[in-house]
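Here's a quick tour of a protein fold, written for someone who likes to have the coordinates open alongside. Take a look at the model before reading on.

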Amino acid sequence: MTDYKICPITEKPMKPAFSEKILRKYNVTYYFSEESGMLQTETPYWLDEAYQSAISCQDTGVVRRNISNSKILEPALCIFCNPNARFLDIGGGYGLLTRLMRDIGFDFYTLDPYCENLFAKTFEPTDEFKAEALTAFEVLEHIENPKVFLETYFKKYHTRTILFSTLTFKEPIPDRNWWYYSFESGQHISFYQPKTLDLLAKIFGCKYYMISPEFHVITDKNISPFKYLIMRNRHSFTIYSAYIRYIRKNLSKTWEDHAAMKSKQN
């Protein structure tokens with residue numbers, strides 16, 4: 001164990017916070033940066049073992065979570081983006097979220113080099129692909145360097161807007177019973193506070209919007225306080241969601257995609 005680690009956001013030393021056993025066998029040190037508010041493991045040498053299965057068998061909420069994410073994204077994309085543009089889901093797993101979003105009329109694509117795309121086959125980005133925005137659900141906690149991650153995908157897909165989930169915390173550092181550490185799976189290596197994500201956004205000349213402790217937006221677009229309030233307030237969000245669902249009810253791409261897939265097989 002070293003007495004410090006370099007924070008990937010501030011590039012300044014982090015201090016040891018605690019140690020815990022990962023995958024029931026590796027003693028791992030967690031480091032904390034007071035300046036960025038980031039908590040992170042030591043260099044994660046165990047990831048090849050942790051990702052023998054891209055989606056942990058302990059993740060029994062994967063289907064329910066994707067359905068919930070699609071319901072959040074539907075109004076959020078109409079507030080923060082041009083809903084008629086193209087979107088790319090980074091770390092899209094089996095492609096379930098992309099299929100759900102296409103079923104409600106959004107031109108979604110998926111990308112995940114570590115998992116087979118089962119539900120959105122052929123809806124993957126080409127080299128020339130340009131995205132209105134990226135989405136990344138349950139991804140940033142798996143990333144060792146979020147600054148490089150955003151820089152890479154913002155540049156590659158010509159956008160500076162990302163809607164994403166990761167469960168944030170506020171000081172003090174959560175105790176070791178916090179379920180989000182996921183010590184047994186070994187896949188969660190980075191943990192953020194809202195101020196961490198705000199600092200990350202500013203690095204790219206963007207603004208950070210916290211919709212909830214687990215749903216966030218980083219964008220270079222100017223969002224009015226009224227629109228932000230719609231997403232933040234439970235009652236206005238419910239009303240706006242119902243309105244968006246009504247006006248978009250005939251935009252599903254389900255049959256269109258079916259016809260396209262059928263023509264390719266003929």
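What follows covers the cores, the sheets, the salt bridges and a surface patch.

First, the ground rules. This is a predicted model, so bear in mind that local features need pLDDT of at least 70 and side-chain atom pairs count only at pLDDT 80 or more, while totals for chains, interfaces and linings use all residues. Residues are numbered from 1 along each chain as its sequence is written, and side-chain values use heavy atoms, with hydrogens and water left out.

**Cores**

Let's start inside. The largest nonpolar core has 33 residues, and Leu88, Leu134, Phe149, Leu150, Ile162 and Ile218 have the most contacts within it. At least two residues each come from strand E5 (86-90), E7, helix H4 (146-156), strand E8 (161-165), helix H5 (194-203) and strand E10 (207-212). The top contributor is H4, with four residues.

On terms: a nonpolar core is a set of buried Ala, Val, Leu, Ile, Met, Phe, Trp, Tyr and Cys residues joined through side-chain atoms within 4.5 Å, and contact means heavy atoms within 4.5 Å. Buried is under 20% relative accessible area, exposed is over 50%, and partly exposed is in between (1.4 Å probe, protein chains only). Helices (H or I, at least four residues) and strands (E, at least two) are DSSP runs numbered from the N terminus.

**Strands**

Five strands make an open, antiparallel sheet in the order E1-E2-E3-E4-E9. Strand E1 (5-6) and strand E9 (190-191) are at the edges with a single partner strand each, so one side of each has no neighbour in the sheet. Two bridges join E1 to strand E2 (residues 13-22), with Ile6 opposite Pro13 in E2. Two strands count as paired if DSSP finds at least two bridges between them.

E5 and E6 pair in the parallel sense, over five bridges. Leu88, one of the core residues with the most contacts, has Tyr109 in E6 as its bridge partner. Four of the five residues of E6 are buried, so E6 is largely enclosed by the rest of the structure.

**Salt bridges**

There are 15 salt bridges in the whole structure, each a side-chain nitrogen of Lys or Arg within 4 Å of a carboxyl oxygen of Asp or Glu. Here are three of them.

| Pair | N to O distance |
|---|---|
| Lys147 and Glu11 | 3.0 Å |
| Lys221 and Glu132 | 3.2 Å |
| Arg160 and Asp220 | 3.4 Å |

Lys147 is in helix H4 and Glu11 in the loop between E1 and E2, so that pair ties together parts 136 residues apart in sequence. Lys147 is buried at 17% relative accessible area, whereas Glu11 is exposed at 56%. Lys221 is partly exposed at 27%, and Glu132 is buried at 18%. Arg160 sits in the loop between H4 and E8 and Asp220 in the loop between E11 and H6, 60 residues apart. Elsewhere, Arg86, Arg99, Arg102, Asp103, Asp107 and Asp257 are linked in a salt-bridge network.

**Surface**

Leu118 is in the loop between strand E6 (107-111) and strand E7 (133-137), and is partly exposed at 42% relative accessible area. Together with Tyr94 and Phe119, Leu118 makes a nonpolar surface patch of about 270 Å². Patch residues have over 30% relative accessible area and no salt bridge, with like charges joined within 9 Å and nonpolar side chains (Val, Leu, Ile, Met, Phe, Trp, Tyr) within 5 Å; accessible areas come from the Shrake-Rupley method with a 1.4 Å probe, and for residues only the protein chains shown count as cover.
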